[in-house]
Amino acid sequence: MELCGLDPAPQPLDGLSFAPLLSDPTTDWKHSAFNVWGIDRVARRSIKTAQYDYIDTSANPLHNASIEVYDLAIDPSESVNLYAERPEVATVLAERLRLGPDAAKPDAPPIPW
């Protein structure tokens, strides 16, 4: 809307304008992406950073709870769940997921690793 010169929406919209990023690709941008999706009636929530993907199905009563942590730098196909080996990563990302998309905005504190 901003790039097209349109008036703001009559009600608030989720998300951020990409205009600053398109104007200057070196602009500090969101630290992570949030996803919610369902497969076979099982809701999954995740947060993905440049290095990690954290997936949580624990809030779904139709499925056994599971937490998955993948290091995308060494396992881009997400084939080895590192949840047991990297509890500190899981703890930080679980908190960021709980805080929601505002925790990923450019002015939010960076993830401490």
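Reader: Does Val 89 count as buried or exposed, and how should I read the relative accessibility that decides it?

Author: Relative accessibility is read against a cut-off, and a residue is buried when its relative accessible area is under 20%. Val 89 counts as buried because its relative accessibility is 2%. Please keep in mind, as we go on, that this is a predicted model.

Reader: Where does Val 89 lie, and which residues make up the largest nonpolar core?

Author: Val 89 lies in helix α2, and it is one of the 10 residues of the largest nonpolar core, together with Ile 47, Tyr 52, Tyr 54, Ile 67, Val 69, Ala 90, Leu 93, Leu 97 and Ile 111. Two or more residues of this core come from each of β3 (52-56), β4 (67-71) and α2 (87-99), and α2 gives the largest share, with 4 residues.

Reader: Which residues are in contact with Ile 67, once its neighbours within four places in sequence are left aside?

Author: Ile 67 is then in contact with Tyr 54, Ile 55, Asp 56, Ser 58, Asn 81 and Tyr 83.

Reader: Where does Ser 66 lie, and with which residue does its side chain make a polar contact?

Author: Ser 66 is placed in the loop between β3 and β4, and its side chain makes a polar contact of 2.8 Å with the side chain of Thr 57. With a relative accessible area of 22%, Ser 66 is partly exposed. Apart from neighbours within four places in sequence, the contacts of Ser 66 are Ile 55, Asp 56, Thr 57 and Ser 58; the C-alpha atoms of Ser 66 and Ile 55 are separated by 8.0 Å.

Reader: What is the phi of Glu 78?

Author: The general idea is that most residues other than glycine have a negative phi. Glu 78 is not a glycine, yet it has a positive phi of about 55 degrees. Glu 78 sits in the loop between β4 and α2, where it counts as partly exposed at 23% relative accessibility.

Terms used:
Residues are numbered from 1 along each chain as its sequence is written. This is a predicted model: local features need pLDDT of at least 70, side-chain atom pairs count only at pLDDT 80 or more; totals for chains, interfaces and linings use all residues. Side-chain values use heavy atoms; hydrogens and water are left out. A nonpolar core is a set of buried Ala, Val, Leu, Ile, Met, Phe, Trp, Tyr and Cys residues joined through side-chain atoms within 4.5 Å. Buried means under 20% relative accessible area, exposed over 50%, partly exposed in between (1.4 Å probe, protein chains only). Contact means heavy atoms within 4.5 Å. A polar contact is a pair of N or O atoms within 3.5 Å; within protein, one must be able to donate a hydrogen and the other to accept it, and residues adjacent in sequence count only if both atoms are side-chain atoms.
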